[in-house]
Amino acid sequence: MAASKKKRNTKKNKLGVKNSLVNNINARKKKGTSRPKKKKTVSKKAYSKMQNDWGKKRSTKNRKRKTKRKSRK
C-alpha cells in the first residue's frame, strides 16, 4: 500500500491566503484594496507625542526583570 499524505488545513483569512504578513500585503496589492488616507497615516498629535519620547532612556524603575525561581523540595 502506498502511504497517503495528509493535507494540512491551513487557516485562510478574508483575502483567501494563508495568514502571514507578507501574504496579506501581497493579496491586498493584487486585489487593489487600500485603506483611506485617514486610517493609513499617523495623526500629527500621535507623531508629536512619539517625537517627544525619541532619544530618551527608560528609567530603571519601570523595567521588570525576569528571574527564575528555584523550587525548594
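Q: Which element of the protein chain has the highest mean pLDDT?
A: This is a predicted model, in which local features need pLDDT of at least 70 and side-chain atom pairs count only at pLDDT 80 or more, while totals for chains, interfaces and linings use all residues. Residues are numbered from 1 along each chain as its sequence is written, and side-chain values use heavy atoms, with hydrogens and water left out. pLDDT is the predictor's confidence in each residue, from 0 to 100. Helix 2 (residues 37-40) has the lowest mean, 80, and the highest belongs to helix 3.

Q: How many helices and strands does the protein chain have?
A: Helices (H or I, at least four residues) and strands (E, at least two) are DSSP runs, numbered from the N terminus. Along the sequence the pattern is α-α-α. The count is 3 helices and 0 strands.

Q: Which residues make the nonpolar surface patch of about 420 Å²?
A: Like charges are joined within 9 Å, and nonpolar side chains (Val, Leu, Ile, Met, Phe, Trp, Tyr) within 5 Å. Areas come from the Shrake-Rupley method with a 1.4 Å probe; for residues, only the protein chains shown count as cover. The patch is made by V42, Y47, M50 and W54.

Q: Why is the one aromatic pair in the structure classed as it is?
A: Rings of Phe, Tyr and Trp (its six-membered ring) pair if their centres lie within 6.5 Å; planes under 30 degrees apart count as stacked, over 60 as edge-to-face and the rest as tilted. The structure holds 1 aromatic pair. The ring centres of Y47 and W54 are 5.7 Å apart and their planes stand at 90 degrees, so the pair is edge-to-face.

Q: What is the relative accessible area of W54?
A: Its ring partner Y47, in helix 3 (residues 44-53), is partly exposed at 39% relative accessibility. W54 is also partly exposed, and the relative accessible area of W54 is 49%.

Conventions: Patches are made of residues with over 30% relative accessible area and no salt bridge: like charges are joined within 9 Å, nonpolar side chains (Val, Leu, Ile, Met, Phe, Trp, Tyr) within 5 Å. A salt bridge is a side-chain nitrogen of Lys or Arg within 4 Å of a carboxyl oxygen of Asp or Glu. Buried means under 20% relative accessible area, exposed over 50%, partly exposed in between (1.4 Å probe, protein chains only).
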